[in-house]
Amino acid sequence: MSDANHLGNLTRLLRFSLRGLIRDLRAADVRALFIALALAVAASTMIGFFLDRLDKGLTRQAGQLLGGDLVLEQGRPFDPEIRDALENAGLVLSDQVDMVSMVSYGEAFQPASLKVVDSIYPHFGANHVDRGTGVELLDHGPPPGEAWLAPRLALLIDVEIGDQVQVGETELTVGGLIEREADQSAGFGNFNPRLMMHVDDLPATNLVQAGSRVEFEILAAGPPDAVAAVEPLLERLRRDGVEVRDVRRDRPGLGNALERAEKYLSLAGLAAVLLAGVAVAMATRRYVDRHLDTAALLRCFGATQAELSRLFALQLLWLALAASVVGALLGLAGQAALLGLLTAFLPLELPPPGILPLWLGILTAMAVLVGFAGPTLLRLKKVSALKVLRRELDPLPASAWLVVAVAALVFGGLLWLYSGDLVLAAGLLVGGLLMLVVLWWVGNLLLGLLFRLASRLPRRGGQDGGLVQALRLGGQQLARRRQASLGQLLAFSVTFFAVAMIFLVRGDLLTTWQEQLPEDTPNYFAINIQPGEREAFSDVLEGAADARSALYPMVRGRITALNGQPPLEMVPPEARGDNALRRELNLTWQEDLPEGNRLLAGEWFDALGLDALENGQAEDWLAAVDAQPAPNASPAAVPMSMEDGLAARFGMELGDTLTFTIGSAEVVGELTSLRNLDWDSFRPNFYVIFPPGVLEGFGHSYITAFHLDGAENDTLRRLVRDFPSVSLLNIDAILGQVRDVLTQVTRAVELVLGFVLLAGVSVLYAALTASRPVRAHESGLLRVFGAGNRLLSRVQGAEFAILGLASGLMGALLAELAAAGIYLAWFDLAPRIHWGLWLALPLGGALLIGVIGHLLSRDLRRQAPAASLGLLGEA
């Protein structure tokens, strides 16, 4: 029976709370609460939906670029047991063989990168092939007896579709020209032009012999749980030297531009949530003040404190659910708009969004409601029944610091949830709280200063006497209501800070992106330039290339020891599968620090030259190199410089040594400096650089990057004709894609900025709504003492303008400090002072708050004094 009574009471409370909420929807504070919660949900779900779809899409794209969800590679055929284990886990397998071989047609010969595929290839995507009738999208490889060639290979050996080319000991018919491979990612792994053929034709070529340099690959595709099921097998294969590329670990990225854009979107979403929370806190105060009489009346009818708490909590819960539905719909529409802006450059079809962002959006609304409204709402349960007779018996308002503490904890939890970085969330939260204390102190000083300045203004006189009088009265009213004005000042300051910070980050991101890709960014890489061709190649580029990098020598070397021990035993466990340990690295030598490199630790070689010569190490090494045409291993360590990221992955510090095997010789390098590289510069970059005199005795070639405009086709043809062994990589398509990224991401950033601006407006609306009774009472008093509409209009306008000016100054200070911290910790950008902000934000704040506040107070100026004074109990 008690359970039935409890259920009946709950049902009545639900109905009663819903009816009360429907009646309250006409109130401005409830509308402000609804708008703020809907914006919080919309911002979080829009960005959550989009990033969720982007993550799923990039995982799918990674499988396409890698060739499968899982790729195994080694120098010999795989054992049947490995294939059986993969197939039993539910993976579909495709075999592939890669090698370099000579391809000939008539008297023309050219080394080519052979890609031998089976009938299952490709797992994902399609090959773009021209078979004589235009480019087609084909979901298969070449059939047996046929070969597809890269256009450059066809140009070099002068073949056309239908001709017969010699591959090993067999002939294949040229069936098409490859415009784009289904699993081809940008990179320099294959320097020779491509020839794709069917695996059934491989035995007839007789190219696979004992000692041949051949790479056998298994491309596996399947669901994530199937890949996870073979993880123990993959770990064993890694230890056995098999190269394992897992879509979960080796997902190719879209570059720093999109990574920074993702961070910006998350930051903007959190800023919108913060502003919505401030608006909720402001509106809740007015909501509670309006319902104190209702709560007292319910206490007279026997309602307990617990029942009051449930009643008003249920009202706000209904409101939060309604706002969540509206916000989720707005979020879905917003992510569709984001996708529409960004889909032009995303080389993939994004899957539908998951349900998780929707639940996170609803959780965000509930968290904002509890954190920003909960402490204030507790006043309703403490109301006394005697307030019906004695209006002065209001319960004490919640402590401002309690409200701030609870809101800060909730927002810190949301920061952690959305960023996934506990240290960053804690740092931002602690920094924000410290800054809030500083702002509270600065705000008190500003209000005190305003009161003193206002009191010194003349009461009358001059042509602008009315304006001076309005400024004096407006400043005095702000200073008189110090606590309420201070709360509004902080709310507006946080609003201006959030909006300004999003503007600043947007502007600096766009500036950085635009500077990253100037018009003369290199669009060609030239690789495998022989020493005897260096001068002639440089002469051809002279005057034809708009910009070019230096010609960098390049030697291939494999890491075989770290501090004298096997590298797999010395590096951290998470780095044992690093590609740098499984392949040869491109090494170079330079006398000066290369362009785009920045020294982070240690000293460059010119500062070490004297010390090296004094201890005889460099002199002995140079003598050994000069004396022997085929250098032998030298026990002496020579200086080397390393990219800081590689050194961090290997756990290396200055003074550690790394041994490289080059041919049959070994070179031991001692780490003397760490460099930061600009990987987005589209110029040659090297993990490891040695000083001159160390690597010259080894076989080497040169690499360079240069820019040719569309009118320099003759130069390009001359390079292909005169230097047939040089590999020319055209990256115009990649550059165009990156430029599209910057353009489209800019539009997406501006769309998200609109949500932040709406959230900022909701704060202004909520704050002005919360202060409405007080301002109505003051307007009524001024009307009683003879003030006319014109004076009231000027006083209210002056009050709001002064509040906006002070808020703009405090917001500018907070935005500069926060932006500097975020630039350094999150975006890897150099902080700078934004002088225009200190002018635009105070003046813009004064104009914005002045205009909005003046418009929202228009009906108060039209009220009769008696009606305005009647709101005294709510003030």
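Colleague: Which residues make the nonpolar surface patch of about 900 Å²?
Modeller: This is a predicted model. In it, the patch is made by Leu805, Leu809, Leu813, Leu817, Ile833, Trp835, Trp838, Leu839 and Leu843.

Colleague: Which elements give two or more residues to it?
Modeller: Those are α24 (789–827) and α25 (835–856).

Colleague: Take Leu843. Is Leu843 buried or exposed?
Modeller: Exposed. The relative accessible area of Leu843 is 52%, and the cut-off for exposed is over 50%. Leu843 is found in helix α25.

Colleague: Now the inside. Which residues touch the most other members of the largest nonpolar core?
Modeller: Val280, Tyr287 and Phe312 do, in a core of 92 residues. Helix α8 (residues 256–300) gives the largest share, 18 residues.

Colleague: What does Val280 touch, leaving out residues up to four places away in sequence?
Modeller: Leu33, Ala36, Leu37, Val368, Leu369, Phe372 and Ala373. Apart from this core lies another, of 39 residues, including Val97 and Leu207.

Colleague: Switching to strands. How many residues of β3 are buried?
Modeller: 7 of 10, so strand β3 (residues 108–117) is mostly covered by the under 20% cut-off for buried.

Colleague: How do β2 and β3 run, parallel or antiparallel?
Modeller: Antiparallel, with 10 bridges joining them. Ser104 stands opposite Phe109 of β3. Their hairpin has 2 residues between the strands, and Gly106 takes a positive phi near 65° there.

Colleague: And how does β3 run with β9?
Modeller: Parallel, joined by 5 bridges. Ser113 has Arg194 in β9 as its bridge partner.

How values were computed
Residues numbered from 1 in each chain as written. Predicted model: local features only at pLDDT ≥ 70, side-chain atom pairs only at ≥ 80, totals over all residues. Heavy atoms only, no water. Core = buried A, V, L, I, M, F, W, Y, C linked by side-chain atoms within 4.5 Å. Buried < 20%, exposed > 50% of the residue type's maximum accessible area, 1.4 Å probe, protein only. Helix = DSSP H or I, 4+ residues; strand = E, 2+ residues; numbered from the N terminus. Contact = heavy atoms within 4.5 Å. Patch = residues over 30% accessible without salt bridge, like charges linked within 9 Å, V, L, I, M, F, W, Y side chains within 5 Å. Areas by Shrake-Rupley, 256 points an atom, 1.4 Å probe, with all protein chains shown as cover. Salt bridge = Lys/Arg side-chain N within 4 Å of Asp/Glu carboxyl O. Pairing = 2+ DSSP bridges.
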